[in-house]
Amino acid sequence: MRYLLRRLSHALFLLAGVSILAFLFAALAPGTYFDEMRLNPQIAPETVAALRAQYGFDKPLPVRYASWLSSVIHGEMGFSFAYNSPVAPLLLVRARNTLLLTITATLLAWGIALPLGVWSADRLGRLPDRLLSWATAGLLVIPDLALALGLLVLAVRSGWFPTGGMASVDFETLSPFNKLRDMALHMILPVTALVLSSLPLLVRHVRAALADVLKAPFLLAAVGHGIPKRALLYHYALPAAANPLISLFGFSIGVLLSGSLLIEVVMSWPGLGPLLLEAVLARDLYVVVGGILGSTLFLVGGNLLADLLLYWADPRIRTESGAR
Amino acid sequence: MWFRVSSMKVEASAGSQNMPPLLKVENLVKCYARRNLAGVREELLALNGVSFTVFPGTTLAVVGESGSGKSTLASCLACLESPTSGKIWFEGKDIVKVEERVRRQLRPQIQLIFQDPASSLNPRWSVLEILLEPLILRRKFTREEMRQCASSLLERVGISPDIVERPPTELSGGQRQRLAIARALALEPKLLILDEALSALDCSVQAQIANLLRELQSSLGMTYLFVTHDLAMAVYLADEIAVMSGGRIVELGSAEQILNQPQHETTRQLLRAWPRMARALPAPEQ
Amino acid sequence: MREWRTFAKWLVVLGVLHGMVVCAGFFAPYDPVEQDRQSPYLPPMRLHLLDAHGHLHVRPFVYSLRLREGSFDQYEEETTEPHPVKFFLNGAGYRLLGFLPLRMHFFGGESTRIYLLGTDAYGRDQLSRLLFGGQVSLFAGLLGAGVTLFIGLSIGAVAGYYGGWRDSLLMRVAELFLALPWLYLLFALRAFLPLAVSPLEAFFLITAVFGAVGWARPARLVRGVVLSAKERDFVRAARGFGASTGYLLRRHILPETSSVLLTQAAILIPQYVLAEMTLSFLGLGVPEPVPSWGNLLSGLQQYSVLVSYWWMYLPAVIMVPFFLGYLGLASSLPEPEEASKIQRSSLGSLT
């Protein structure tokens, strides 16, 4: 229990620290949204000044941070000047879209990487393993950008897939089944791009973790006992390799919000990525800070999840912290 | 075999008792605090009130099992760690309380030889650089001076000088330990602490190095503090033996006393581990 | 040792690739900003040895391109006149390595301009832009990695050697930086600095941002090495000889960090090159007209460009051989035992 509480408080400390950092970065930036407005001859200077005062831009930094923090705790994340709407609902909608993509891609990627990595580690050093290593190396060195653009070209040339966006123009008029089908079609390309970009590293890590475990004496003993291959790999070796894999999994969870930025932008998927980009270009302070905080939440949460899973999965950690 | 009883030691240090003690340790305590994997704070009492005296020109052996605190003692005496409390008097000066600057002046006089000959020599350096490091720290040498100095140092410990350009990984364990001794002697220390210095060597090599140490002691008048878990070695090399257990000295006496009239159970256990001596002892109390 | 031979092999490969980019002025036939408004979006010209009449030429040659009848962007070859490729000829001036003024180019055309990789919307030669763009992108990656490693080494060494409150404080701060989503932070930092800057300023700005964002992981790794190196017997022995802290760090401890630093460099450089490409692609990096692999692709945000003019895709894959080289380099480095355990600290290359 003490261990869990420590990890939790650690995570909260991280979040607090990050919120301060993010707020500082954004607030200290030269130029705000209002500079653009000031240049606009159609808007009276008094209006600009009034807006500034309304959003508290004239107050000192710690005061602004404190008021921002208190509103965040109440669920209010500020106001987006560019979109003219409160930040929180804006972020939520976009985050939901992003998660739709990334959760699918993560499940797929792990679903492929685990068996592939295990299969490869089983044949360590032999031809199939070496071929797979070459294939993953090849995929690894192709930039996400190239993958995304390439898939777009494929979409255009073949006409099988929609070329971006999340829904067709006539989405609202479709039947529920067709709506699902339409969304799935739109998702195929971005998900493929995400899976292809994360697969090689996942496979490598799974393979490496398994390879380490397969060298262990207790595995040899199990072979000597005549345990069949499949059980050996999945019931003996894989659990023993759990530690690094759980950490890896925690990391995968962590990047659910932030890992798909480029692909969303290239494929015009209305997720958190394009929102952040626009906000950054328009210097929309609260959106940027909200976006950074949201993705940090996932990163820290992913790490915490990994810690908790490790605690549950590895008896050594439990006894160390519980033994008194 | 080479272990014979301490009758050999009688001639060596006859006059030393009249001189003031070289080293005097008073109530040394060392406590380690650390966090384990789950972040729980643990305290480890490595030394729990150790006191003894060493006279110049003699050898004191500190014998004990692993975990008895003897390596911690060696580190503290060599000023590589600071004790939690207690005093260490070297030539009448309290070396625990001095500032780092003064301590750096004193360091050449107390040198430590480590257990693992491989790790005490930087594998990326050549023998020449390793050997002369303590001297180069103090003044500049020309290439020629370095070679000459190295030759004489190596001769003293019985290594041929033509290995100076090689990395230490090409030397055998015994040669490396000789090199470590040569390096320590370069500063002409008054006290040499040997922390399990022979334990990692093969049996026959142990004998050679032990004999080398004895020769050096008689020719240079060195004082040794010899930390070991091997009672046989202690009896061969030492005038006095201190037996350590659980951070304290449980028995202290001359080599002959320890051998023939062991008082403490730990001492008897150590003697039992020495097969030849075990036969002479009464059976362990059940 | 056998490992060093593979390492050297990869180093040579990378050296050749980088050499071609460094000598971009020589290998590129034209100036990268020189426009040819008459020839927008020309497809790559093909090299021929056999002409339309079936004669074999000694020198490779190209045909000039003319617009196909009735089309406004389809080109075909004018097979009437072969234009031979000349080697080692004088052309536009450039400065090799930034200071040596030269005019000699590896190849070019006398009777016509030769566009081996086509042109872009302003008629600029893509091959030249690729080579010069590589200078910017690769150098950004190298410099950024240098800054990151320098900061990481300093902080990691202080934390590892002194321990105590310094270590706790620095590592807490490092954790904070590691908890931030890397790419997001990069974007935010870059864009919250002035948007309209000169190419040189932009370049140094993004390099500094790389350093500010990425130091945490190398710092943690260096700290680990320094912590264990500090307790090695030969370091303790040197302390016993009266060595000062500076001496110990300089002569014994920091050399132990070399393998960690090398591995990190081989991982960070491609990461940063990619980051520069991403930033420039989205308009937050090096601005026009200076070419970089990223901003060469920014036109492709309209994918119609990509579909019609396939050669504009090349900057997206030009770095693949470079990354293969860095990957090979990183794999050929002997791994210290601590790093071979997959810890959370080593997963950073995923974002």
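User: In what order do the six strands of the open sheet in chain B stand?

Analyst: This is a predicted model, in which local features need pLDDT of at least 70 and side-chain atom pairs count only at pLDDT 80 or more, while totals for chains, interfaces and linings use all residues. Residues are numbered from 1 along each chain as its sequence is written, and chains are lettered from A and ligands numbered from 1 in the order in which they are written. Strands (E, at least two residues) and helices (H or I, at least four residues) are DSSP runs numbered from the N terminus, and two strands pair if DSSP finds at least two bridges between them. With mixed pairing, the order in chain B is E6-E7-E8-E3-E9-E10.

User: Why is one side of E6(B) and of E10(B) left without a neighbour in the sheet?

Analyst: Strands E6 (110-113) and E10 (248-254) of chain B each have a single partner strand, so one side of each has no neighbour in the sheet. Neighbouring strands here are turned by 15° against each other on average, direction ignored, where axes are lines fitted to C-alpha atoms, for helices over the stretch in contact, and angles run from 0 to 180 degrees between N-to-C directions. The reason asked for is that both strands stand at the edges.

User: In which sense do E6(B) and E7(B) pair, and which residue stands opposite Ile110(B)?

Analyst: Strands of a sheet pair through backbone hydrogen bonds, either parallel or antiparallel. E6(B) and E7(B), the latter covering residues 191-195, pair over four bridges in the parallel sense.

User: Is Glu196(B), which has a positive phi, buried or exposed?

Analyst: Glu196(B) is not a glycine, yet its phi is positive, at about 55°, and its place is the loop between E7 and helix H6 (203-220) of chain B. A residue is buried if 20 or more other C-beta atoms, placed from the backbone, lie within 10 Å of its own, exposed if 12 or fewer, and partly exposed in between. Because Glu196(B) has 20 other C-beta atoms within 10 Å, Glu196(B) is buried.

User: What is the phi of Tyr41(C), and where is this residue found?

Analyst: Tyr41(C), a residue other than glycine, has a positive phi near 50°. With 17 other C-beta atoms within 10 Å, Tyr41(C) is partly exposed. The place of Tyr41(C) is the loop between helix H2 (24-27) and strand E1 (48-50) of chain C.

User: Which helix gives the most to the side of chain A that touches chain C?

Analyst: The contact takes 45 residues from chain A and 37 residues from chain C, two residues being in contact if their C-beta atoms, placed from the backbone, lie within 7 Å. Several helices of chain A each supply at least two residues to this side, including H1 (2-27), H8 (176-214) and H14 (285-313). With seven residues, the helix that gives the most is H14(A).

User: Which residues does Val226(C) contact, leaving aside its neighbours within four places in sequence?

Analyst: Val226(C) is found in helix H7 (residues 216-230) of chain C, and Val226(C) is buried, with 25 other C-beta atoms within 10 Å. Its C-alpha atom and that of Ala52(C), 174 residues apart along the chain, are separated by 69 Å. Once those neighbours are left aside, the contacts of Val226(C) are Gly156(C), Ala157(C), Gly160(C), Tyr161(C), Ile253(C) and Thr257(C).
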